[in-house]
Amino acid sequence: MKTLLNVSLFASAIVYYPAYAAHTPLVDFTRPINRIQVLTDATERSAGLSHAYAGYQNSQNNKSHFFFAHLQPQPNRAAFATFRVADNFALHYPYSICLNGKSLNDKDAYYQVVIETPTSQSLGFTYKQDFQVQPQENFSMSFYFSEFDASRRGKSFPNAPSLSPNDIKSVAIRIIGRAGQEADIYQKGLFGLQLFNFTLDCEN
């Protein structure tokens with residue numbers, strides 16, 4: 001049986017606020033985080049070959065988490081690796097979240113932000129939104145809750161309810177072997193992100 005890799009550190013960096021403001025930290029990756037999970041096609045499927053690692057760097061001037069993935073796609077080019085933070089976020093007011101980080105890749109890379117709710121977990125689907133990072137770029141990207149698409153096993157799930165921020169159970173970053181709107185962008189090999197934080201409604 002495949003084993004789920006859990007990376008558990010001692011203090012939680014998930015912060016709760018009764019009233020939210022722009023740039024409010026939702027997940028602070030510059031501090032140790034509790035309840036991180038790393039999943040790949042190898043942890044979920046007997047034929048999977050991909051690997052991933054989540055780590056924390058506690059240097060004086062460069063505190064952050066890292067997400068490294070080594071995609072080894074199947075003959076149909078399917079592969080995935082996921083870095084997930086699981087908790088009850090219960091966000092009542094924001095309309096978007098923003099991911100701040102740095103690409104450690106030497107080429108363009110395509111990722112997804114993936115959200116789960118109690119309903120999506122019970123029905124086996126997720127909410128996802130794609131994003132692209134340039135080589136070695138520092139990035140700050142907004143993801144509007146109204147623009148997340150529901151999918152199940154790589155296909156659209158049209159019967160899903162609209163994503164409600166106050167139902168979020170987990171937020172994840174995922175890289176897949178077949179990316180893009182038409183799944184015609186193929187990715188394999190080593191990929192990396194340096195992660196600083198998820199914030200709320202953080203656009204300028």
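R84 is buried, as is E116, where buried means under 20% relative accessible area, against over 50% for exposed and partly exposed in between, with a 1.4 Å probe and protein chains only. The model is a predicted one, in which local features need pLDDT of at least 70 and side-chain atom pairs count only at pLDDT 80 or more, while totals for chains, interfaces and linings use all residues. Residues are numbered from 1 along each chain as its sequence is written, and side-chain values use heavy atoms, with hydrogens and water left out.

The side chains of R84 and E116 form a salt bridge at 3.0 Å, N to O, the term standing for a side-chain nitrogen of Lys or Arg within 4 Å of a carboxyl oxygen of Asp or Glu. Because R84 belongs to strand β6 and E116 to strand β8, this pair ties together parts that are 32 residues apart in sequence. By this rule the count comes to one salt bridge.

The protein chain around this pair has two helices and 16 strands, taken as DSSP runs (H or I, at least four residues, for helices; E, at least two, for strands) and numbered from the N terminus. Of its 204 residues, 49% are buried. Among contacts between residues at least 6 apart in sequence, 72% join residues at least 24 apart, a contact being heavy atoms within 4.5 Å.

Strand β7 (residues 96-103) includes S103, which counts as buried because its relative accessibility is 0%. A polar atom of the S103 side chain lies 3.1 Å from the backbone nitrogen of N105. Beyond its neighbours within four places in sequence, S103 is in contact with V133, Q134, P135, Q136, E137, F139, G192 and L193.

The largest pocket holds about 1,200 Å³ of space. On a 1 Å grid over the protein atoms alone, a pocket is an open set of points where a 1.4 Å probe fits, with protein on both sides within 12 Å along at least five of seven lines, and lining residues have an atom within 4 Å of a point. Of the 41 residues that line the largest pocket, S151, R153, G154, R174 and I176 are the closest to its centre. Among the elements that each supply at least two residues of this lining are β6 (80-86), α2 (118-123) and β13 (170-176), whereas β8 gives the most, with five residues. By residue class, the lining divides into 13 nonpolar, 14 polar and 14 charged, with Asp, Glu, Lys and Arg counted as charged, Ala, Val, Leu, Ile, Met, Phe, Trp, Tyr, Cys and Pro as nonpolar, and the others, Gly among them, as polar.

Terms used
Points joined across faces, edges and corners; volume = space filled by probe spheres on them. Polar contact = N/O pair within 3.5 Å; in protein donor to acceptor, adjacent residues only side chain to side chain.
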